[in-house]
Structure formats: structure tokens, C-alpha cells
Amino acid sequence: MRLISYLGDEGESRLGVVEGDEIVDVTRHVTADGAHSGLSPMRMLLALPGSPADNVGSLDGERLPLGSVRLAPVVPDPPKIIAAPVNYRDHQAEMMEDYHIDALGIFLKATSSVLASGGTVRLPYSDRRFDQEGELALVIGREASHVPVDDALDYVAGYTMLLDMTMRGGEDRSTRKSFDTFTPIGPYLVTTDEAGLPDAMRLRTWVNDDLRQDADVSDLIWDVPRLIAYASSVMTLQPGDIITTGTPAGIGQVADGDRVAVEITNLGRLEIDVSDRGAVACPTKGASRGPKPPDTVTPVRER
Ligand code: MN
């Protein structure tokens, strides 16, 4: 099942199931008891016991053409966005990093940085470098604390794509990756039964017409179960939490007017524009510190 969040006539967040070129509005199936909870319908769905498919009813809601709705970030209000630093060896190599996730652990991105597919990433500064990082992300469907690796996939509601937009330099990761619009996510949440296993997925990222990233998710240093098990040993995972798994080689600078797209097997296409409108001089001085990104994009390997 493919679930989306989209905006209703009053700007409110709604929940839809994608069927071909149409979406079925299933908002009322999940909001009956929580209409005034302040949570998005997607969050309410993920918080219900049982599978998303069991909880969206018989798909008898209003049908709308998929192209006619304005998408929202697929989880508009995640409790947490947990991210993996340096989780592919080829990305470790291109950054000349001494350490990978084994030494670095995980970090958090601000939840206010989410952006819908089709939206515009706003570069905040005119004098700093900003890069794209295409990543596989998963959405947690059940509260999880100290879960064993072997059980970890039972806590996943589904998979989606995420662009971990990044300012290069020596400031803390939580600063460099948390600017508003720096976490495009979507377009769909694809439930685990339809998405298949992460190890079978291929990830590709384009900037305009250039293929920059082309990787097998099976090359992750810490795979999805290990990442969930570890994250759940640090902090309790809640329904709606997003865990993004890290980026492979091929990161590179983006600039005003660029269009960035990510595709992952079975997950569709996430696409955003980049704008530097309103950019100002950066008030911090981290530009010459931190891991050194490559001057040119690491070429994708032939396959
Ligand atoms: Mn990343």
C-alpha cells in the first residue's frame, strides 16, 4: 500500500491511499477519535495498533486524481528524525573520513526541516557550500525500546526517500542539516509488504540530468535492522519517527535553479527544486573546518 499526506482545502493535512493515478481520501477512517489531537492523520494512523492496511478501512472514500493534490511531507509531524552519519564505505572514502557510524553513532535533524516532494529547498547563505545526500528512510510503526536486531524490522511501518540536505563545514551536524526545508521526504510511505526488503533496493540521485549517486542499499555498513536496534537502545522510538540510513558516494554541491531527484526501487521518485532567494552571509565560521568534501562529484561506477 502507498500512503500519502496531502493538503486539504483549508490547508489541513489529509491522508490518502494511492491507487493507480488516483488517491482515495481515508482521513476519516483514522481521525474519528482524534480529530482534535493536533496530530496529522498520518501520525494517527501510525499510532494505531495493527497494520496501516487494516486501519484505513475499505477504501470507500472520495477519489481524487493524484496530480490534482498538493503533497505534504509524507509524515508532516514526525516525533523525531534520526540520521546515520557515514554509513557507506564509498562515501567515507570520498569524504576522507577517519570514522564511520561504528564510532559516530546517530544524530538528530530538526523535525521542522521536513519538505514535501515537489517543494523548494531554500539555501540560507550566499557564502557556504550545500550538498545533496539521497537516502533510504524508514518510518517507525510501533514503540520500540532496546529491540533485538532479529526483531527490528517488525517495528517498521514502511519505507520512503529522504534528501538529507547538508551545509558543509565544521558546525555541528544538527545545525548544518536542520535548516527549514533541508529534509525533503516522500512522496509516499510504501508499506513493508509492498516495498520489499531494503537489501534488494537500488538508490539513484540526479542533479538536473546528471546521475550523481547509484548504489545498492545492501552496501550499508550498518543495515536497517542494526540501525533500528542501535537507535532503540539510545532513545525510545515512537510511531512516526523517521530513521534515515545515510548516503552513498556521489554527494556534491547544489545551487540556485537546480532540480534534485531520488529514486529507490519500489518507492517512486522524490523531486525538489533549489533556490537561494533571500540568502544572506553566514554568521558562523565553520567553512574551513570539518570533513573535506570532494571538489568534484565522485563518478558513479559502471553497472
Ligand atoms: Mn546524510
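**Figure 1. The two domains and the interface between them.** The domain assignment, with bounds from an automatic or database source, divides the protein into domain 1 (2–71) and domain 2 (81–275). The structure is a predicted model, in which local features need pLDDT of at least 70 and side-chain atom pairs count only at pLDDT 80 or more, while totals for chains, interfaces and linings use all residues. Residues are numbered from 1 along each chain as its sequence is written, and side-chain values use heavy atoms, with hydrogens and water left out. The C-alpha centres of domain 1 and domain 2 lie 24 Å apart. In contact (heavy atoms within 4.5 Å) are 11 residues of domain 1 and 17 residues of domain 2. The buried area, that is, the accessible area (1.4 Å probe) lost by the two parts on being put together and summed over both, is about 1,100 Å² between domain 1 and domain 2, and carbon and sulfur atoms give 63% of this area. On the side of domain 1, Arg2, Leu46 and Leu71 lose the most area to domain 2, together 61% of what that side buries.

**Figure 2. The salt bridge across the domain interface.** Side chains of opposite charge can pair when their charged atoms come close. A salt bridge is counted when a side-chain nitrogen of Lys or Arg is within 4 Å of a carboxyl oxygen of Asp or Glu. One such bridge is found across the interface of domain 1 and domain 2. Arg2 and Glu194 form a salt bridge in which the closest N and O atoms are 3.1 Å apart.

Figure 3. Strands (E, at least two residues) and helices (H or I, at least four) are DSSP runs, numbered from the N terminus. Both Lys109 and Asp164 are buried, where buried means under 20% relative accessible area, exposed over 50%, and partly exposed in between (1.4 Å probe, protein chains only). Asp216 and Arg303 also meet in a salt bridge, at 2.9 Å from N to O. Asp216 lies in strand β16 (residues 210–216) and Arg303 in the segment after β20 (268–275), so the pair links parts that are 87 residues apart in sequence. Asp216 is partly exposed at 23%, and Arg303 is partly exposed at 47%. Salt bridges with shared partners join Lys109, Arg129, Asp131, Glu133, Asp164, Arg168 and Lys177 into one network.

Figure 4. Four aromatic pairs are found in the whole structure. Rings of Phe, Tyr and Trp (its six-membered ring) pair if their centres lie within 6.5 Å; planes under 30 degrees apart count as stacked, over 60 as edge-to-face and the rest as tilted. The ring centres of Tyr125 and Phe179 are 5.5 Å apart and their planes stand at 90°, so the pair is edge-to-face. Tyr125 is buried, with a relative accessible area of 16%, and Phe179 is buried, also with a value of 16%. The rings of Phe179 and Phe182 have centres 5.1 Å apart and planes at 65°, so this pair is edge-to-face. Tyr125, Phe130, Phe179 and Phe182 form one aromatic cluster.
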